[in-house]
Amino acid sequence: MSGGATPATSERSEFVESGAGLPPRRRHRRRLLATAVVVALAGAGAYVERTNPHGISFSHPLGLHQHHTAAGTQDIGAATSTQTVERRSLSEQTQVNGTLGYAGCYTVLGQAHGVVTWLPAVGRVIRQGQVLYRVDGAPVVLLYGSTPAYRALARGATAANVTGADVAQLNHDLVALGYVESADVDSAWDEFNWATKAGVEKLQKHLGVDQSGKLSVGDVMFLPTAARVTALQAGLGAPATGPVLQASSTARTVSVALDADLQSEVKAGDQVTVTLPDGSTTPGTVTSVGKVATAPSNNSGGAGGSTPTVPVTIRPIDPTATGSLDQAPVVVSITDQTVHNILAVPVTALLARSGGGYAVEVVAGDGTHHLVRVTPGLFDDAAGMVQVSGSGLAAGQRVVVPGQ
């Protein structure tokens, strides 16, 4: 690629890492990327025409001004290769730290009189209709519902039906467990009728307790989902009233404390990529973004330095891909912006011009090289590509990048 080369002359030249015209929030990031480009170029040669139609003079980051003759171009000695200018889509992402674990946190408050005689092991999952713990040997059963148990549930002595949200969720549980036919309760789900009583008796038979057809306060515990035991707060022989254990749901989730100034960049439904501790990645969906910022506590008692954050919750699309780690550190890549049908080159193809701005070195079909001024747009860190626009640049052209 060289012909009639002349020795390079040493000349000190200032490289400008321009952020002009870039979105304010991204400007510091673009400057860092531009700096990385300049550093990369320090180890890579470039082949440019001394005279080009755009009048651009390129100065090497190490202070070597490249000279070219009419007979050819000059090689300053470092390896280079070429990459194709592509027409494609790019996405700009922000990477933030997150924590992988389980959704929800529940404190199970005992209501039965007596002492605790059995507790599940930490990590055990208790599901609908299973025993959560025992009081005086009797089971306290987990049922699903958002309304806590607060009263005895039974059919009245005069056959009057007890009604309410707690009865409705009891009926749904009994149907789900196969103890009641939905046709027998769907006319009034919130009524404790004859079918409900019969269903309770079947549940009690399954548990091996007296088949009274009624539930006293403390016989059942309503929680929104299956409970994964995370901690025991009561010991065997302790009073059964008050905190008994801590639990979470079995749903996998990623929690992020997002800088408050990025809140407007993220919304529920956004797709993200989660990098797991083993380096593998899995997709996720943002399910909620907090509206109230919180400043982290400063345990040292000193001033400032803390950045307010808002909580962001992410649901992995394939929970099984996340394994079973709890409170594990992960990295979340959040897509801020996507552009389509644009010209893109590798970030390392950008050349910072001594007069400000950027250029890329294009290799023509006959092997000659020339610089084309470009304006950088969106940076895609994951792809290592940058959006560029400039007169004389087209898809399919080859541009010079540092070699291996």
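This is a predicted model: local features need pLDDT of at least 70, side-chain atom pairs count only at pLDDT 80 or more; totals for chains, interfaces and linings use all residues.
Residues are numbered from 1 along each chain as its sequence is written, and side-chain values use heavy atoms, with hydrogens and water left out.

When I speak of helices (H or I, at least four residues) and strands (E, at least two), I mean DSSP runs, numbered from the N terminus. By that count there are three helices and 22 strands in the chain. Two strands are said to pair if DSSP finds at least two bridges between them.

Back, then, to the opening pair. Strand 9 (residues 138–144) and strand 10 (residues 220–223) run parallel and are joined by four bridges, and, besides the pair I began with, Leu 142 stands opposite Met 221 in strand 10. Strand 9 is also joined by four bridges to strand 8 (residues 131–135), and these two run antiparallel; here Arg 134 has Pro 139 of strand 9 as its bridge partner. The hairpin of strand 8 and strand 9 has two residues between the strands, and in that hairpin Asp 136 takes a positive phi near 50 degrees.

How do these strands sit in their sheet? They belong to an open sheet of four strands in the order 6-8-9-10, with mixed pairing. Strand 6 (116–118) and strand 10 are the edge strands, each pairing on one side only. From one strand to the next the twist averages 35 degrees. As for burial, buried means under 20% relative accessible area, exposed means over 50%, and partly exposed lies in between, with a 1.4 Å probe and protein chains only. Five of the seven residues of strand 9 are buried, so this strand is largely enclosed by the rest of the structure.

Strand 7 pairs with strand 11 (residues 227–232) in the antiparallel sense over two bridges, and in strand 11 the bridge partner of Val 125 is Arg 228.

Let me turn now to strand 20 (residues 369–380), where ten of the twelve residues are buried, so that this strand is largely enclosed by the rest of the structure. Which strands pair with strand 20? One of them is strand 19 (residues 358–363), which pairs with strand 20 in the antiparallel sense over six bridges, with Tyr 358 standing opposite Val 374 in strand 20. The hairpin of strand 19 and strand 20 has five residues between the strands, and Gly 367 in that hairpin takes a positive phi near 90 degrees. Strand 21 (residues 385–389) is also joined to strand 20, by four bridges, and the two run antiparallel; Thr 375 has Ser 389 of strand 21 as its bridge partner. In the hairpin of strand 20 and strand 21, with four residues between the strands, Gly 384 takes a positive phi near 70 degrees.

I will finish with the helices. Two packed helices are described by the angle between their axes and the distance between the axes. The axes of helix 2 (residues 165–176) and helix 3 (residues 194–207) come within 10 Å and cross at roughly 55 degrees. The contact (heavy atoms within 4.5 Å) is made by Leu 170, Asn 171 and Leu 174 of helix 2 together with Thr 196, Gly 199, Val 200 and Leu 203 of helix 3. The residues of that contact divide into four nonpolar, three polar and no charged, where Ala, Val, Leu, Ile, Met, Phe, Trp, Tyr, Cys and Pro count as nonpolar, Asp, Glu, Lys and Arg as charged, and the others, Gly among them, as polar.

In the loop between helix 2 and helix 3 lies Ala 183. Is Ala 183 buried or exposed? Ala 183 is exposed, with a relative accessible area of 59%.

Conventions: Axes are lines fitted to C-alpha atoms, for helices over the stretch in contact, and angles run from 0 to 180 degrees between N-to-C directions.
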